[in-house]
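This report describes a ligand site and the contact between two protein chains. Please consult the sequence and the structure shown below while reading.

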Amino acid sequence: MESIIQIKGLTKQFPVGAGKFTALRDISLEFHRGEFTGFVGPSGSGKTTLLNIIGSLDTPTEGEVTVLGRSIAHLTHKQSAQLRNQHLGFIFQTYNLFPVYTVYENVEFALLLQRLPTAERRKAVLDALEWVGLTDKMDSKPAQLSGGEGQRVAIARAMVKRPAILLADEPTANLDSKNSHHILQTMKQLNEELQTTFLFATHDEKVMGYLRRIISLEDGRVVKDEEIIMDKITEG
Amino acid sequence: MLAFKLAFKNIFGAGYRTILNIAVLSFAFVTIIFYNGVIDGWNQQARRDTIEWEIGQGQLWHPSYDPLDYFSYQDAHGPIPEGMREEVSAGRLTPILIAQASAFPQGRMQGVLLKGIPPGQAILKIPTHELEAQDGQVPALIGKRMAQSIKMKEDDRLLLRWRDKNGAFDALEVTIAGVFDCNVPTIDGGQVWLPLAQLQEMLGMPGEATLLVAGEGFTPTGNTGWAFKDHDYLLADLNKIIQSKKGGSGVIYGLLLIIALLAIFDTQVLAIFRRQKEIGTYIALGMTRWQVVGIFTVEGAAYSILAILLGALYGGPLLWYLGKVGWAMPSGSQDMGISIAEKIYPVYGAGLIITTVLLVVVSATIVSFLPARKIARLNPTDALKGKIQ
Ligand SMILES: Nc1ncnc2c1ncn2[C@@H]1O[C@H](COP(=O)(O)OP(=O)(O)O)[C@@H](O)[C@H]1O
Ligand SMILES: [Mg+2]
């Protein structure tokens, strides 16, 4: 499979008071198209920081991070916005839906930024809502949805533009077990159908059960990087 | 366009505070238009009255005449220039002769200006036909302010004393033939209007005048030594007072506008703080920071658009009504030295409305932009965590 993310010697430091806090230390990793991979580790181990840098929301202090052939450290604001808009999808622990828009409009948003023609846009939004099984809720406002439905809208919003990479930061942390499995199955299916690379940050056991590659972080260091062989039984 | 769509969605989604902001801003908007409408209405009324009652289509002045210098009146008279006599007899010029005198109403003495004007003139609205001589009495016209101050009414008799051209005192009793009602104080207070021929005879200045008022159809030609004063010159004082009035009322509605703008500014600062996650999400979804600044700025500007629509909704009928029934001026304002009617009918010109709309939209956009600008320097990961400030 094609290599789409290369990380070489990545270190990330944050200024804290007069000194510096090192959140990621000398990380080197590579990811291929279609991976279903998770960063796991205790709170504070650097999972979110790593995901944010891959998502070009943050920049490396040292080292080289290349996403789809673009060096994250050297992108202008405009270029990184374009990269996110066209090739990256984000899913957050708190869903981050826009409260004043309907489900349909939330999903449509990313495509409005791409200035897609109306008909194409409509079809893409309806497809995305169908993937997550929320066609009948498209006129609801986020406040009218259950937690599981809210996160499914977020998945539809991230997937509607068919991004190459989807970054999900603790997507199940606010969900009960049933809903967690539901969205994980949905994501797994999209991963297989669309060849989207999924990268999770999680410390949820349920998520780990679905992952095909688990990268363990501790204090900003990769301590384990293991492929899960396919004999694992998928729950649900 | 996307920004506008988002802005209106967010505004309507935001509820209570929004309504307050829009209400205050619309009130400022309506007030600005009203205040300026009153002043414009007053300006138009004052100009019209001054033209119709005092200055006509311009005036030709005797070289020595200076209306601000009472001492000049003694010498400011002379024969109507040769070239103008035809215009006078054709009714395109009305000669006026001015002299200082004393009047003795109820035994008190008061300085007055005597103004001689042909009874048959039709250029000024002053009802000079009432100066046609009747049964041997000498008719005089005064304005309502003068009538009030010397406590006289029609048919009352007023003793006048003046110096003729040789400096000799003379006196005469005139009969008030009429009291005219006009809003131009400079032809009213302290003035007694007499038939021109009568005054010329009293002063011993036959065929002389101080100034000539032009009517429609008069074109100033030839050099007669008498200077032609056009509207620009004669209305300069009026324009100055109107401008200063505009400045004065500007303070009032400026304050109102500032309050409204502060409310929007405050709302924006709060919104940016409360909606950090939303801002972070916009950026994660692929907006540039400046696009997000744009969303928030347009949101503030949209307040002004809604405020204008709301203002049009209630202000439109209200202002229209006030334009119909007029706006009563406080009684003291009659003594300001320029024409002011008891009731002003506000005039709302297209220029006024467009300027005000622009003022409101531009200022609301600026105060929305100022806090929104901060977003451009925002760290999206901090915003997503809600960690700013
Ligand atoms: N902007 C920041 N400034 C300072 N320290 C930060 C910042 N972001 C993250 N950190 C620190 O970096 C470490 C890793 O954070 P994070 O990547 O969020 O961990 P995780 O997602 O694994 O819980 C934590 O100790 C956190 O406090
Ligand atoms: Mg985290």
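Between which chains does ligand 1 lie? In this predicted model, ligand 1 is placed between chains A and B.

**The ligand site**

The ligand is surrounded by 14 residues, and Gly44(A), Gly46(A), Lys47(A), Thr48(A) and Thr49(A) are the closest. Of this shell, four residues are nonpolar, six polar and four charged. At least two shell residues each come from β2 (19–32) and α1 (47–54) of chain A and from α11 (380–385) of chain B. The largest share, three residues, is supplied by α1(A).

| Residue | Atom of the residue | Distance to an oxygen atom of ligand 1 |
|---|---|---|
| Lys47(A) | backbone N or O | 2.9 Å |
| Thr48(A) | polar side-chain atom | 2.6 Å |
| Thr49(A) | polar side-chain atom | 2.5 Å |

On its own, ligand 1 has 560 Å² of accessible area, of which the protein covers 74%.

**The interface of the two chains**

Contact between the chains involves 22 residues of chain B and 23 residues of chain A. Together they bury about 2,100 Å², with 65% of this on carbon and sulfur atoms. On the side of chain B, Lys9(B), Ala284(B) and Leu285(B) lose the most area to chain A, together 27% of what that side buries.

Across this interface there are zero salt bridges, whereas five residue pairs are in polar contact. The side of chain B that touches chain A receives at least two residues from each of α1 (2–14), α8 (276–284) and α11 of chain B. Its residues comprise nine nonpolar, seven polar and six charged.

Conventions:
Residues numbered from 1 in each chain as written. Chains lettered and ligands numbered in written order. Predicted model: local features only at pLDDT ≥ 70, side-chain atom pairs only at ≥ 80, totals over all residues. Heavy atoms only, no water. Near = heavy atom within 4 Å. Polar contact = N/O pair within 3.5 Å; in protein donor to acceptor, adjacent residues only side chain to side chain. Areas by Shrake-Rupley, 256 points an atom, 1.4 Å probe, with all protein chains shown as cover. Helix = DSSP H or I, 4+ residues; strand = E, 2+ residues; numbered from the N terminus. Nonpolar A, V, L, I, M, F, W, Y, C, P; charged D, E, K, R; others polar. Contact = heavy atoms within 4.5 Å. Buried area = accessible area lost by both parts, 1.4 Å probe. Salt bridge = Lys/Arg side-chain N within 4 Å of Asp/Glu carboxyl O.
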